[in-house]
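Here is a short report on pockets and strands. Keep the structure open while reading.

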Amino acid sequence: MKMLHDSLLELIRRTSAEIPDDVHQAIVNSLEQEKKGTIAESAMKIIDQNIALARNKSQPICQDTGSILFYVDCPVGFDQIGFEETAREAVKLATKKGFLRQNSVNSLTGKNDGTNVGPGSPAFHFHQHRGPQASVRLVLKGGGCENVGAQYSLPNEEIDANRDLDGCRKAILDAVLQAQGKGCGPGILGVCIGGDRATGYEFSKQQLLRKLDDRNADADLDRLEQDIVETSNKLGIGPMGFGGKTTLLGTKIGVLNRLPASYFVSISYMCWAYRRQGFEIGPDGAIQKWLY
């Protein structure tokens, strides 16, 4: 477990300090699109400078290092208990080293023991398969963007949304409009159509594991993803709500089966500090390949 511990520590450091290439490229492209001399351009420049400083100094991209979400795809027989124990120790050391802020508080007492370890922190999501390869992905999701996530139950008379893809479109765009830059935009949306209230939100966050430059295999969802980004970027909300052309960097949509009585659209909003990284690991816990 020593090798696994060191690998997880490096995963946490890299996720906290280094934006993935696909996200950075989207930010650079958006900066080029903003009108010169505007507040929107200035905001995007500051974001780009922040990314470079964090990488060069190996320090957190954002002071809010967020919820710690591990996603583990593992073969049959993988020691999930041992992984959780090792990951918790790696989180404690990462916090001590400053890769993570002391960020986890007791919800009843407000006490912060400074370790980032407690009920629900970090969070683990295991998916078992019959192949030999194990992979670990980590998402650090800040509180500001988490606050502007939303869930809609369709039909919804207020936004004239029925139980169809057009109704889903109206719900997603309403969530963007309600956020108004408060989630540290430009943002990225992970969306789930269907499921129940719990699985819908969980699956919406899983969409954030996708790369920004991928395309949805479902043609209808692919069109909806592109339309949401294009339409949102015409709303004039812009980076941090300062106006401009860059409200969203991307939208990723998944679908779960639902009960006939329920039709939920769950939206997880990710801030521009899109901290997502992962690797494949060998039997000894060593990093074999980075995934982003």
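The second largest pocket is lined by 19 residues. Ser104, Val105, Asn106, Pro119 and Ser121 lie nearest its centre. This comes from a predicted model. The space in the second largest pocket is about 390 Å³. Strand S1 (residues 67-75) gives the most to this lining, with three residues. By class, the lining has six nonpolar, eleven polar and two charged residues.

Next, the largest pocket. Its volume is about 460 Å³. The lining counts 22 residues. Nearest the centre are Ala26, Val229, Leu248, Leu249 and Gly250. Helix H2 (21-33), helix H8 (219-232) and strand S6 each supply at least two lining residues. H2 gives the most, with six residues. The class make-up is five nonpolar, nine polar and eight charged residues.

| Pocket | Volume | Lining residues | Classes in the lining |
|---|---|---|---|
| Largest pocket | about 460 Å³ | 22 residues | five nonpolar, nine polar, eight charged |
| Second largest pocket | about 390 Å³ | 19 residues | six nonpolar, eleven polar, two charged |

Now to strand S6, one of the contributors to the lining of the largest pocket. S6 spans residues 248-255. Is S6 largely enclosed or open, and why? Buried here means under 20% relative accessible area. Seven of the eight residues of S6 are buried, so the strand is largely enclosed by the rest of the structure. Which strand pairs with S6 over seven bridges? Strand S5 (residues 187-193) does, in the parallel sense. Within this pairing, Gly187 stands opposite Leu248 of S6. Leu248 is also among the residues nearest the centre of the largest pocket.

Strand S8 (residues 275-281) is the next stop. Six of its seven residues are buried, so S8 too is largely enclosed by the rest of the structure. S8 has pairings with strand S3 and with strand S9. Strand S3 (residues 134-141) runs antiparallel to S8, with seven bridges. Here Leu140 has Arg275 of S8 as its bridge partner. Strand S9 (residues 287-290) also pairs with S8 in the antiparallel sense, over three bridges. Glu280 is bridged to Lys289 in S9.

S8 and S9 form a hairpin. How many residues lie between these two strands? There are five. In this hairpin, Gly285 takes a positive phi near 90°.

Definitions and conventions. Residues are numbered from 1 along each chain as its sequence is written. This is a predicted model: local features need pLDDT of at least 70, side-chain atom pairs count only at pLDDT 80 or more; totals for chains, interfaces and linings use all residues. Side-chain values use heavy atoms; hydrogens and water are left out. Buried means under 20% relative accessible area, exposed over 50%, partly exposed in between (1.4 Å probe, protein chains only). Helices (H or I, at least four residues) and strands (E, at least two) are DSSP runs, numbered from the N terminus. Two strands pair if DSSP finds at least two bridges between them. On a 1 Å grid over the protein atoms alone, a cavity is a set of points where a 1.4 Å probe fits but cannot get out, and a pocket is an open set with protein on both sides within 12 Å along at least five of seven lines; lining residues have an atom within 4 Å of a point. Grid points are joined across faces, edges and corners, and a volume is the space filled by probe spheres set on the points. Ala, Val, Leu, Ile, Met, Phe, Trp, Tyr, Cys and Pro count as nonpolar, Asp, Glu, Lys and Arg as charged, and the others, Gly among them, as polar.
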